[in-house]
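Open the model in your viewer and keep the selection tool ready. We will go from stop to stop, and each stop says what to select.

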Amino acid sequence: MAAPLTLLLIVAVTIRAVLFRSSWAELISERVEVVSPLNAWKRVVEGLALLDLGVSPYSGDVFHEVSLSLIHFLFKSILGSDGITAVALYLSIQTYNKNVFRKQKYALESDRYPADCLELLRSPKEMFYIPLKVAMFYLLNPFTILSCVAKSTCGLNNAIIALFILCTLKGSALLSGILLALATYQSIYPLTLFAPALLFFLQRLYIPVNLRRSSFWFFTLQYAFIYVGSLVVITGLSFFLLGSWDFIPSVYGFIFSVPDLTPNIGLFWYFFAEMFEHFRLFFICVFQINVFFYTIPLSIKLKEHPVFLIFMQIAIISIFKSYPTVGDVALYMAFLPAWSHLYRFLRNIFLVSCVLLACSALFPVLWHLWIYAGSANSNFYYAITLLFNFGQILLVSDYFYAYLRREHHLTHGLYLKKKDGTEATLVLK
Amino acid sequence: MGLLSDPNRRKALTGLLTRLNTPICIVCYLAGIVWFMGLAFEPFTLRTYMSENAMGSTMVEERFSSGERALSLAKEFDAHKRKAGGMPVEWLVKAMQSRGLEVFTQSFSRKLPFPDENKERYMVRGTNVYGILRAPRAPRTEALVITAPCSPGNTNNQAVALLLALAQYFRNQIYWAKDIIFLVNEHDLIGTQAWLEGYHHTNITEYISGSLRGRAGSIQAALSLELSSDVITSLDLVLEGLNGQLPNLDLANLFYAFCQKLGVLCTIQGKLQRNDWDTAEGYTHAAQTMMLMVLKQACGRSWGDHGLFLRYHIEAASVRGINSFRHYKTDATTIGRLLEGMVRKLNNLLERLHQSYFFYLLPSLSRFVSIGYYMPAFGLLAVILLLRALDLWVHLGAPALAAVDGVTEAEQPSSPGVLTVLTPVVISHLTGVALYLLPVHLQEMAVEHFPVSETEAVVLTAIAIYTAGLALPHNTQRLLSGEGTEQGWKVLKLTALLYLAVLLGCTALINFSLGFILAVTLVPITASITPALYAVVMVLLSPAFTILYCVFIYQELIEAPVSVSEGWMLFLSVISQGILDHALYGSLVYPLLALFIYPCWLMFWNILFWN
């Protein structure tokens, strides 16, 4: 399987290199859908220049990257980060599939599945190409390509999250904790991935989620300690590198309080541009809580399926975060082939793909009408933003429903009967 | 969200939509056409009104009185123009300087990609002369532009002369809060484009133009003046700009208001307004006016000098004097007063015109149709594509969709490989790229080998590639998978339908007319295509034939019907003009047709030869 992956990497790098060279690169790197104030390359260059001049890069309103990224950038090109993400995703899904298959085999041997849902079981044949498809979905996704060509630092963020997933699935609590801390340090929101990672390790070590068990608390504290410890170390490190705490308000304050209302594909900008100033704090809390709040019900519902929970969390982050870009969307979309066995239970996939396709085409058109032609206005663009997010939410909830439904069938049999013997249907309420 | 999560209702709805798909599609199509034609019916339209406060309440008194002097100036200008054999730059500079303006010139040159046979030009060299009247009452941060093209022959002399007379009059007034730029441009649109690029420090269309030495503030509005006789019978307002962009409706309202006030006959699309909307003739008249607007807007070219200003966020319109054989005559003084009034009102603006509509159609000057009223007509056509796509999806993924209720068994037939669909898509688009690039690049070769002029070479190459595209991409799927499957063409059709829907939707947002005309011709054929359809029907409703029909309808509407051969010649010149407009001013219609619409149509064409 290494050969197709290498080939894929070569193709992906070629496409990116060609686009880099073309005159499109500059255009793409200016698009608000692709870069946000948090991850624009232009701002990184500015920050580096300020650092060179001995000025704190956070002193103005230009630079909102965390400082360690600065150091990273000196060594590492963004082109590489996409490759790393793809390989990490490839290996993680491979590992995940092995786990899933092993579990399925045990369950089959112990005869736990109802007889009529054998067709729901996954065969190694169909699972063989899934890791490759995942890598392909990430590398050849136009969103990723755009984001990479724009040199958005989003690619870097994705790489860290992908590595975190890989380490988690490989069972290394230490590395997983450190990488999660790194991701959190970069953009706060991956904080919510703590719950699925913890659930995964607990499941792996056969520790039941039971609040009265000491082993549960022991491991939770251990993992939390790794996570918080490395977070403190990284933050302290950047303090020593910069010699000031400037970056805390400039990065995290910037993420939380959303002062930059440049339009993007997210839900924040329009709302806060229209808002009366004295309601601002309240609504910022309401909007930000969205990202974090869903962790609790989802963790309870999906506590047996931490990997799916990771997917859900990444998707929710990319929908509800304050400065989303298409690069974030690309990361969770890469997981879709891993759930290809849910296809038969998806209900709105046609609608969702139409909506997402149309929106992707309409973003630049309405932007043109608004900003260049001056004939449309921000309402047009925000309408498309809303529609795009509606599509994403529908997509995620559809997969959520399909996943739960398959699990339900696996325990209760495929052909459900109501009490009176008629055919039953499952409804998500 | 009940509809999206309740499986029973969903099933009922999809069942209904697939069972009644064809009738619903037919009803939608007819409803779309009827809706569109209904837009010209007066009770369904809105009366225009002035939205901008700054222009509404303050009445101005027009005092311009030097119409006669303007006419004598026109004669003088004519004489100097003849002597100089082109634009009399020195005379103009002197004339403007003597009227107290700051005068500057800008020289420019542009080599056309191929000779323009309509206007007989290839290597264009010219000079723009402009004078700035500095605002005495405000910081010079904003400006207005009055422009008059200096055309060859003895046309448009009166416009230039009136411009100079207005400049003289305006110079003595004290109420100007915006700089006023008086621009006389050579070679009509090319000159305007060069001047605008110079003014805004941009270079998007490979002009070689001198930089501007004098500037005023940011331009708020522009009026272009075209006047070729001493007296006129009516004034025509031209709004359609590049890529179908229109100025803010308030500019049209302003013009209309002053025409009413001064008692000047005003027309739009050269058609007078009628009051008998309830008669058949009255309706036909309004419908014709609107159709003319739609056709003009659809072709995406700039119908006057104003059209290029729109791209720079400057509201602009052309005012064209028409002298026909009516008894009612208007003299130059009145036109001068009309312009004075308009400029004074624009001078009162506190911010850019933005209150009124930017998306509208005008069945007459006093009535308009806004985007909310005309979009449903397009929406009804576009929804057909989506309905057909849904129908195909249901048929294709029958096992997948049956999972909506419990789960039914059905072995999914082996789905066609991605390659069978991808190959036609790629080939179609490569043909499109060839259609876009080759005509201009191959002209030298074509001229060497065939006895044709460059312009003919370009147009004929385009037609040849277009026709060759029809022969090219058949049956690629047979090479790949042996025999074209039923599944195969359905997947291709599904892809192409969605592609077309997105494409038309985006087009209609930018240029409604173009999107609508394409939808009217493309939707029925693409929605009903199967491998059994006749190729002739498909060809007759292809994009090129759409252009041909539009040429004939346009000629019919401007009451200058043409024979078939004349129509053909016009068709050829329309193509060459389209390519030129793209190269010279950046009009998007040609690339849109060549790179997207035509390849999309080829994808459907491919289905015809699937078996």
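## A nonpolar patch on chain B

Select B:Tyr534, B:Val536, B:Val537, B:Leu540, B:Tyr549 and B:Ile553: together they form a nonpolar patch on the surface, with about 560 Å² of accessible area. Patch members have over 30% relative accessible area and no salt bridge; like charges are joined within 9 Å, nonpolar side chains (Val, Leu, Ile, Met, Phe, Trp, Tyr) within 5 Å. Areas come from the Shrake-Rupley method with a 1.4 Å probe, and for residues only the protein chains shown count as cover.

Before moving on, note that this is a predicted model: local features need pLDDT of at least 70, side-chain atom pairs count only at pLDDT 80 or more, and totals for chains, interfaces and linings use all residues. Residues are numbered from 1 along each chain as its sequence is written, chains are lettered from A and ligands numbered from 1 in the order in which they are written, and side-chain values use heavy atoms, with hydrogens and water left out.

Which helix of chain B gives the most to the nonpolar patch? Helix 20 does, with three residues. Helix 20 (535-540) and helix 21 (543-557) each supply at least two. Helices (H or I, at least four residues) and strands (E, at least two) are DSSP runs, numbered from the N terminus. Now click B:Leu540 in helix 20 of chain B. B:Leu540 counts as partly exposed, at 38% relative accessibility. The scale is this: buried is under 20% relative accessible area, exposed is over 50%, and partly exposed is in between (1.4 Å probe, protein chains only).

Two bridges join strand 1 to strand 12 (residues 367-370). Two strands pair if DSSP finds at least two bridges between them. Zoom in on B:Arg47: its bridge partner is B:Arg367.

## Salt bridges

The structure holds 20 salt bridges over all chains. Each is a side-chain nitrogen of Lys or Arg within 4 Å of a carboxyl oxygen of Asp or Glu.

Select B:Arg121 and B:Asp188, whose closest N and O atoms are 3.5 Å apart in a salt bridge. The pair links distant parts of the chain, strand 3 (residues 121-133) and helix 8 of chain B, 67 residues apart. B:Arg121 is buried, at 11%, while B:Asp188 is partly exposed, at 21%. B:Asp188 also has a positive phi of about 25°, although it is not a glycine.

Next, select B:Arg320 and B:Glu226. Their salt bridge has its closest N and O atoms 2.9 Å apart. Strand 10 (residues 315-322) holds B:Arg320 and strand 7 (residues 218-226) holds B:Glu226, 94 residues apart.

## One helix face in chain A

Switch to chain A and select helix 13 (residues 247-257). Which of its residues are buried? They are A:Phe247, A:Ser250, A:Val251, A:Tyr252, A:Phe254 and A:Ile255. Look down the axis: these residues fall within an arc of 160°, so they line one face of helix 13. The arc is that of the directions from the helix axis to the C-beta atoms. The buried residues pack against helix 10 (173-187), helix 12 (214-242) and helix 15 (280-293), where contact means heavy atoms within 4.5 Å. Just after helix 13, A:Val258 takes a positive phi of about 50°.
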